[in-house]
Amino acid sequence: MKDVWLKESDLYACIATIDSISRSFERGEIDPVMYKKQLRALIKSIFKSRIKLEQLGDWSLEEFIKREKLGEKYPLGVVRLGFMEGIDFATTEEFAPSLPEEERRKFSYKDLSKKLALTADLVASMIELIDILRLKTVARIDMIVPLMEETALILDGFSGVFGEDYWIKKEMNDWKKKMEKEKPDKLLSDDDIKRLEFAAVRWLNDFRQRLRTLG
């Protein structure tokens, strides 16, 4: 029980910190580079804690969030955790009973442990892209294109999982070509922001599905 308590404390602290830096990022108090660096480190810590907790026995992330009322205390942290989990966590009420079973799929964290650093980098980059698009006021081409290029490079590290013909890499490249025709400091239109945010969520969902195949 001591080991469970210690790992849950680590997980709690990570979620609380993600909530804090997300609020700071939204207020413009930390720059994107620092946000991504901190987010990546916290996601890696979450993966490690999750692996250990699952190895220690019957443990449920959903039950942990409900028990500690994390959705009420740290809604932004829980929402970003939802991106990692593939679950649209509610932030002010119990979420588990309202979700269809097919939406309650999780990462296979034990499988991902061998690619922990790359996985954290990939998820952090995608969460940052979604955050930038949702903020709108910083959804500039010079913020978005480098993130797409970075994500494509990370995907190259997953040999045998994401090939050169991977549809998401092609879709990202189409977006990149379109944006490169514009001035770097141009803000995306509201319509493009909505379309790209929708695409980014689909990309992250597909990443998760394919990452489960890693052994």
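**Rings, core and helices in a predicted model**

Student: What does W167 count as at 29% relative accessibility?

Tutor: W167 counts as partly exposed at that value, a class that lies between buried (under 20% relative accessible area) and exposed (over 50%), with a 1.4 Å probe and protein chains only. This is a predicted model, in which local features need pLDDT of at least 70 and side-chain atom pairs count only at pLDDT 80 or more, whereas totals for chains, interfaces and linings use all residues. Residues are numbered from 1 along each chain as its sequence is written, and side-chain values use heavy atoms, with hydrogens and water left out.

Student: Which ring does W167 pair with, and how?

Tutor: Y166 and W167 form an edge-to-face pair, 6.5 Å centre to centre with 75° between the planes. Rings of Phe, Tyr and Trp (its six-membered ring) pair if their centres lie within 6.5 Å, and planes under 30 degrees apart are stacked, over 60 edge-to-face and the rest tilted. Y166 is buried, with a relative accessible area of 3%, and ring pairs link Y166, W167 and F207 into a cluster.

Student: How many aromatic pairs are there?

Tutor: The count is five aromatic pairs. Among them is the tilted pair of W59 and F64, 5.7 Å centre to centre with 40° between the planes; W59 is buried at 14% relative accessibility, and F64 is buried at 1%.

Student: Which residues of α3 are buried?

Tutor: In helix α3 (residues 61-68), the buried ones are L61, E62, F64 and I65. They lie on the same side of α3, because they cover an arc of only 165° around the axis, taken from the directions from the helix axis to the C-beta atoms. Helices here are DSSP runs of H or I with at least four residues, and strands are runs of E with at least two, numbered from the N terminus.

Student: Switching topic, where is D19, and what does its side chain reach?

Tutor: D19 is found in helix α1 (residues 2-26) and counts as buried at 4% relative accessibility. A polar atom of the D19 side chain lies 2.8 Å from the backbone nitrogen of L76. Leaving aside neighbours within four places in sequence, D19 is in contact (heavy atoms within 4.5 Å) with Y74, P75, L76 and G77.

Student: And what does I43 touch?

Tutor: Not counting residues up to four places away in sequence, I43 touches M84, A120, V123, A124 and I127.

Methods
Polar contact = N/O pair within 3.5 Å; in protein donor to acceptor, adjacent residues only side chain to side chain.
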